[in-house]
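Here is a short briefing to read alongside your model. Take a look at the structure first, then follow the points below.

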Amino acid sequence: FESLPNAGMFRWKPKAGGKQLARKFPVNSPLNGQTFLDGNGYDMLSQLLTLDPKKRMDASSALEHAYFREGVAKQVPKFVFEDG
């Protein structure tokens with residue numbers, strides 16, 4: 001890969017040490033009272049997005065993940081423009 005033109009332009013590891021995913025998908029961080037991702041969801045997402053294919057979770061393992069058994073409780077979405 002390194003011998004390809006412009007290969008140096010790619011950054012395979014984030015400078016933030018892998019914390020970019022946590023910023024985009026905060027665990028149990030309510031936005032106007034709603035949570036989009038719990039610990040199981042974050043764990044599954046991070047395993048699915050692992051760069052190394054040998055370490056990456058496959059689809060059959062994802063379907064068996066605790067996220068699909070426990071998941072986030074159903075909620076009625078609240079929007080910024082709604083009151084209370």
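Two residues count as in contact when they have heavy atoms within 4.5 Å. With that in hand, residues 24 or more positions apart account for 43% of the protein's contacts that have a separation of 6 or more. This is a predicted model, in which local features need pLDDT of at least 70 and side-chain atom pairs count only at pLDDT 80 or more, while totals for chains, interfaces and linings use all residues. Residues are numbered from 1 along each chain as its sequence is written, and side-chain values use heavy atoms, with hydrogens and water left out.

**Overall fold**
- The protein has four helices and zero strands (DSSP runs, numbered from the N terminus: H or I of at least four residues for helices, E of at least two for strands).
- Along the sequence, the pattern reads α-α-α-α.

**Surface and burial**
- Of the 84 residues, 13% are buried (under 20% relative accessible area, with exposed over 50% and partly exposed in between; 1.4 Å probe, protein chains only).

**Around His65**
- His65 sits in the loop between helix H3 (59-63) and helix H4 (66-69).
- His65 counts as buried because its relative accessibility is 10%.
- Beyond its neighbours within four places in sequence, His65 touches Asn40, Asp43, Met44, Gln47 and Met57.

**Around Leu63**
- Leu63 belongs to helix H3, and it counts as exposed because its relative accessibility is 60%.
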